[in-house]
Amino acid sequence: MFFLKTLCNSVKTSLTLWLKKSKCVSPTVSHYICKMESKEWFESWFDTTYYHALYKNRDDDEAKLFVTKLVQFLNLEARTKILDLACGKGRHSITLNELGMDVLGVDLSKNSIERAKKHENETLKFDVHDMRDPLSIDHFDAVFNLFTSFGYFDDYSDNEKVIRSIHQMLKAEGILVLDFMNSEKAISTLVLNEIKNEDGIEFSINRNYDGKHIYKNIQFSDAGKSFQYTERVQALKLIDFENILISHNFQIIHTFGDFNLNPFDEKTSDRLILIATKK
Ligand SMILES: C[S@@+](CC[C@H](N)C(=O)[O-])C[C@H]1O[C@@H](n2cnc3c(N)ncnc32)[C@H](O)[C@@H]1O
């Protein structure tokens, strides 16, 4: 992996130099050539059956309750156009649709979208899409980005791409709901080692914090083969979200600390839930 990355970087550098010199093709072409060779962690891990096995007990009832509370709090009317950005298998999208909303759920994982598509109807659609790129402009009344589906990228400027793209996709005064882990509490209560058994597989999980990211290293064996994946999430705090949202013309109107919409407290809250409007 390290060899591939190093090789990729040197190919990328040479190609970029050559492309710049020859002025014939955009240098970003080299970026895509390298992306074809080594996938980013969130592209591969979230698309495996093992990811779905490990998180099979993700709480659907909790998701239902959360979304129902949000719809009530935001006073969303039927037929409100909502984008569920990084929707996974669509658990929040499905409830939003049951509550009368027009919902599009998008995710980078083809497997998750394939599963979500089984729930499609006239007013509930799913698609594979990268959250860094905008879909339609000035189209959605609200964009939901839920359950720590942010802060995965190598490059912090990709965070900005996501926020810029959300801003473009929202109608004037449209609403952004961003639900992230409370990094402060996550760091102070980090469970370093854990074993989980799901679908006959023993997952050995190790976590650590390097001052910027929380890492979750997941190792397991299946059918005589060993596997290892690492989730890596930027440990973003309220101040980081304030900076990025305000600088991209959002106004934060509420912060909550859990799925019951109790107030946010940096030391004790489980979640950091931000409600912002497009200025
Ligand atoms: C922690 S899961 C949450 C999924 C869903 N929101 C839920 O609560 O069930 C994070 C999701 O982000 C998706 N994801 C990661 N990077 C993405 C990207 N660049 N664009 C779109 N989705 C992405 C993953 O495929 C994964 O489904």
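Visitor: Where is Asp199 placed?

Guide: Asp199 is in the loop between strands β6 (193-198) and β7 (201-209). Strands are DSSP runs of E of at least two residues, helices are runs of H or I of at least four, and both are numbered from the N terminus. This is a predicted model, in which local features need pLDDT of at least 70, side-chain atom pairs count only at pLDDT 80 or more, and totals for chains, interfaces and linings use all residues. Residues are numbered from 1 along each chain as its sequence is written.

Visitor: What is the phi of Asp199?

Guide: Phi of Asp199 is near 50°, a positive value in a residue other than glycine. Most residues other than glycine have a negative phi. Asn249, also not a glycine, has a positive phi of about 65°.

Visitor: What makes Asn249 partly exposed?

Guide: The count is 13 other C-beta atoms within 10 Å, and therefore Asn249 is partly exposed. Asn249 lies in the loop between α10 (238-247) and β10.

Visitor: Why is Pro263 exposed?

Guide: Because Pro263 has 10 other C-beta atoms within 10 Å, Pro263 is exposed. Pro263 is in the loop between β10 (250-256) and β11. Residues up to four places away in sequence aside, Pro263 touches Phe256 and Gly257, where contact means that the two C-beta atoms, placed from the backbone, lie within 7 Å.

Visitor: And why does Thr277 count as partly exposed?

Guide: Thr277 has 16 C-beta neighbours inside 10 Å, so Thr277 counts as partly exposed. Thr277 is in strand β11 (residues 271-278). Thr277 and Ile175 are 102 residues apart in sequence, yet 4.6 Å apart in space, C-alpha to C-alpha. Neighbours within four places in sequence aside, the contacts of Thr277 are Glu173, Gly174, Ile175, Phe250, Gln251 and Ile253.

Visitor: How do you know that the length of helix α5 agrees with its residue count?

Guide: The expected span is 1.5 Å times one less than the number of residues. For the 15 residues of α5 (residues 60-74) this should be 21 Å, and the end C-alpha atoms are 21 Å apart, so the two agree.

Visitor: Which residues of α5 are buried, and why are they said to line one face?

Guide: The buried residues of α5 are Ala63, Phe66, Val67, Leu70 and Val71. Seen down the axis, the buried residues fall within an arc of 130°, so they line one face of the helix. The arc is that of the directions from the helix axis to the C-beta atoms. An α-helix has 3.6 residues a turn, so residues three or four places apart point the same way. The face turned away from the buried side carries the exposed residues Asp61 and Gln72. The buried residues of α5 pack against α6 (91-98) and β5 (170-181). Just after α5, Asn75 takes a positive phi of about 55°.

Visitor: Why is α6 called largely enclosed?

Guide: Seven of the eight residues of α6 are buried, so α6 is largely enclosed by the rest of the structure. Those buried are Arg91, His92, Ser93, Ile94, Thr95, Leu96 and Asn97. They pack against α5, β1 (81-85), β2 (102-107), β3 (124-128) and β4 (140-145).

Visitor: Which residues touch the most other members in the largest nonpolar core?

Guide: Of its 48 residues, Ile82, Leu85, Val143, Ile166, Leu176 and Val177 touch the most other members. β5 gives the most to this core, with seven residues. Such a core is a set of buried Ala, Val, Leu, Ile, Met, Phe, Trp, Tyr and Cys residues joined through C-beta atoms within 7 Å. Leu176 touches Val143, Ile166, Leu170, Phe250 and Ala276, not counting residues up to four places away in sequence.

Visitor: How many residues does the protein have, and what share is buried?

Guide: The protein has 279 residues, and buried residues make up 30% of them.

Key
Buried ≥ 20, exposed ≤ 12 C-beta atoms within 10 Å, placed from the backbone.
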